[in-house]
Amino acid sequence: MKVLLLKDPKDKDSGPDPYVKELGLYGFEATLIPVLSFEFISLESLFEKLSDPECYGGLVFTSPRALEAIKICLKENSKNEAWLKSLKQRWNTKPAYVVGKATASLVEEIGLIPQGEKSGNAEKLAEYICSREKPNSSALLFPCGALKREVLPTVLREKGIALESLTVYQTTQHADLQESLSSYFSQQGIPASVAFFSPSGVKFCLQHIQKLSGDFIDHIKFAAIGPTTAEAMEAAGIPVSCTAESPTPQDLAAGIQEALHLQNC
């Protein structure tokens, strides 16, 4: 059975995409179609703030893109040298809060120690941060996207925990999205399952999928990587057949397997 994953492929240098690999273990033929493009902004401002760890109580990352922004900054020799020489060590005396394993692994790549990776979503991470931070302490630095949800900032604000947000990337629709979807449906047919990985993915893909599937859309089991994406799907009128218990290849594959197995019973 075919599964369509609406997400960017993992970095080619790090081997096969873990979602494709995990679904393959269940006998599914998974295909990735990139949905989003990212434009990085305010990188000078980002590095200025990273250069002053003593002003902050720690870091918060809810997206791998925020780490990509930092990695772009560190490609510049002088900045990388400053990071390795002292900044990394100074930040490591403070917490680096993260959502999920993908973001945690990127935090480790820049030499920091992630905390809270089992949270899985912004709501749970906010609870985790509140259990560890004291009100009226130094602000946490939060590099984020232009489309960030307000859940985490709101919860922290209500608890008196200061958060300084800095928008470091903007999200747009991938230039090849429509063509890639048309090509997939014409060559592969209607997939047994379609997995969404973000509310933006729902926004950019749904109309095309409805058009390409026609009357067969009711045959597709729609999966969500987490509760936020599931909410966006439900708001758009898509029946959610499964939501991954945590945003990992293992949990998503298990959820899709169960949804499709129940269909075949």
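Trainee: Which side chains count as positive and which as negative?

Mentor: Lys and Arg count as positive, Asp and Glu as negative; His and the chain ends are not counted. Each charge is placed at NZ of Lys, CZ of Arg, CG of Asp or CD of Glu. Here, the protein chain has 26 positive and 32 negative side chains, with the centres of the two sets 4 Å apart. This is a predicted model: local features need pLDDT of at least 70, side-chain atom pairs count only at pLDDT 80 or more, and totals for chains, interfaces and linings use all residues. Residues are numbered from 1 along each chain as its sequence is written, and side-chain values use heavy atoms, without hydrogens and water.

Trainee: Into which domains is the protein chain divided?

Mentor: Domain bounds come from an automatic or database domain assignment. Domain 1 covers 2–35 + 176–262, and domain 2 covers 39–171. Their centres, over C-alpha atoms, are separated by 29 Å.

Trainee: How many residues of domain 1 are in contact with domain 2?

Mentor: Contact means heavy atoms within 4.5 Å. Seven residues of domain 1 touch eight residues of domain 2 by that rule. Across the protein chain, take contacts between residues at least 6 apart in sequence: 71% join residues at least 24 apart.

Trainee: What share of the residues is buried?

Mentor: Buried means under 20% relative accessible area, exposed over 50%, partly exposed in between (1.4 Å probe, protein chains only). Buried residues make up 44% of the 265 residues.

Trainee: How many helices and strands are there?

Mentor: Both are DSSP runs: helices are H or I, at least four residues; strands are E, at least two; numbering starts from the N terminus. The protein chain has eleven helices and eleven strands.
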